[in-house]
Amino acid sequence: MWGRQVIFVSSSREDDRNRRSPLDAPVSGARDIVAYFGPAIDDPAVGRRVLQWEHAGFEVLLLAFRRNVLSRNVQERFIDLGPLMPRSRVGRVVPLLRAAYRIICNRQALAKASLFIGRSPDNALLALLARRVCRSQAPFVYEILDVNSSCTQTGLRGAALRLLEKWLLSRAVLLIVSSPLFIEHYYQKILNYRGSWFLFENKVPRFAQANGPLKRFVGDRTGPRQHDALGQRRWRIGWFGYLDDEASWEILRNLAESLPEKVAIYVRGASNAGFDMDRFLADVQRLNNVTYGGPYRNPEDLPDIYNSIDLVWSIDCVAPDSNSKWLLTNALYEAGYFGKPLLGIAGNAVGQFAKSRKIGWCIDTPVATQLVDFIKHLSAEDYEATCRAIETQQDELFTETDEIDRLWMAVQRVKLAGPKAVSAHHQERA
């Protein structure tokens, strides 16, 4: 997984810089240190972001919690903040205090950082604490990949979390989001945020493309065409990533049961808290047209899993009225990179993305019944036409380009102008 790469992979930055073209040269001069505060050392998103900053030429000081004892053996690669915090807010008090103590013990190393990044409210608090204890004037950036459902709840808990986020944002020079709808529907509409923000989408990262595990697939990402076979075999639908969405599985299981001769479901990923894995595995064993391949390495295993399916399930149902409606999934960009059409929900960010660019289909509600009807009537000709539409898209739609460099420059501009200076997103991207 990404986390394992962060822990064990070492490289010579001098060699890396010698291999890069002038277009890859980092804005920072490859000497700046980024202190990145993430939720867990083996969180794939944490590992990806660390490697993205490193590939751009920055030194990264990672501070993260851990899920297992193995992480203790590699402390030279990150600052261990202790065991992963429980989901309960009350239960996080002791782990946060323990993490604060370890931050204080490492304040000399943190004092060298040129930028502090905190992902999610808890880690943003720790980033601000680190900045304070080492008396640093380096800017603080708040990064959000998902809007926690607790933040949009009514009642005291939701109000307290929103108040905390407002306090964090007032101390950040920049807010990083993975979807523009987070800004429009949550930060601006609910939190009344008017500060600077930067869109950093979940695109296929540069380090995986340039000299990494996906290089050999660029230019031939979709594999051989199977037009003739598509009308004679099952449609293969892939669901990849964290298994944390019971509603998605209910929909896919209903599809598998309704069209056993028409569709095959291929699932890969590790289960997350709240997902009934025992029930899921029982369903897999019972249904002949469902396969579970277990967890996978990202990006190393992406070519194999995407080249084994026809359609990509890019629907999230965990928080249907908030985060699930606003987010742009990893699968959206990975599907486009490998030339595979995706399935989204009409009215959601992913569905709008797919419909506007003609790279997939929007399923209307109720999704379970509409999906069955869609598969019944999907033709090989329509499928091939969508695949050709994906091939006409520019690579920048699905792959990382110079986001890190532009992000660094945006931080410097906002820092010079002052935290209250408002820069529109399109101005940051220019």
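Which residues in H11 are buried?

**Helix H11 and its surroundings**

The buried residues of H11 are Ser-248, Trp-249, Ile-251, Leu-252, Arg-253, Leu-255 and Ala-256. They pack against strands E8, E9, E10 and E11, and also against helices H12 and H17. H11 itself covers residues 246–258, and its 13 residues reach 18 Å from the first C-alpha to the last, close to the 18 Å expected at 1.5 Å a residue. At the start of the helix, the backbone nitrogen of Ala-247 has a side-chain oxygen of Asp-245 within 3.2 Å.

**The sheet**

Several of those strands belong to an open sheet of six, paired in parallel in the order E10-E9-E8-E11-E12-E13. E10 and E13 are the edge strands, each pairing on one side only. From one strand to the next, the twist averages 25 degrees. Four bridges join E12 (residues 342–345) to E13 in the parallel sense, and Gly-344 stands opposite Cys-362 in E13. Helix H12 (residues 277–286) lies across E9 and E10, running at about 130 degrees to E10.

**How confident is the prediction?**

The protein chain has an average pLDDT of 84, and 81% of the residues score at least 70.

| Stretch | pLDDT | Contacts in the model |
|---|---|---|
| Residues 69–76 | below 50 | ten, beyond near neighbours in sequence |
| Residues 421–430 | under 50 | 22, beyond four places in sequence |

Key. Residues are numbered from 1 along each chain as its sequence is written. This is a predicted model: local features need pLDDT of at least 70, side-chain atom pairs count only at pLDDT 80 or more; totals for chains, interfaces and linings use all residues. Side-chain values use heavy atoms; hydrogens and water are left out. pLDDT is the predictor's confidence in each residue, from 0 to 100. Contact means heavy atoms within 4.5 Å. Two strands pair if DSSP finds at least two bridges between them. Helices (H or I, at least four residues) and strands (E, at least two) are DSSP runs, numbered from the N terminus. Axes are lines fitted to C-alpha atoms, for helices over the stretch in contact, and angles run from 0 to 180 degrees between N-to-C directions. The expected span of a helix is 1.5 Å times one less than its number of residues. Buried means under 20% relative accessible area, exposed over 50%, partly exposed in between (1.4 Å probe, protein chains only). A polar contact is a pair of N or O atoms within 3.5 Å; within protein, one must be able to donate a hydrogen and the other to accept it, and residues adjacent in sequence count only if both atoms are side-chain atoms.
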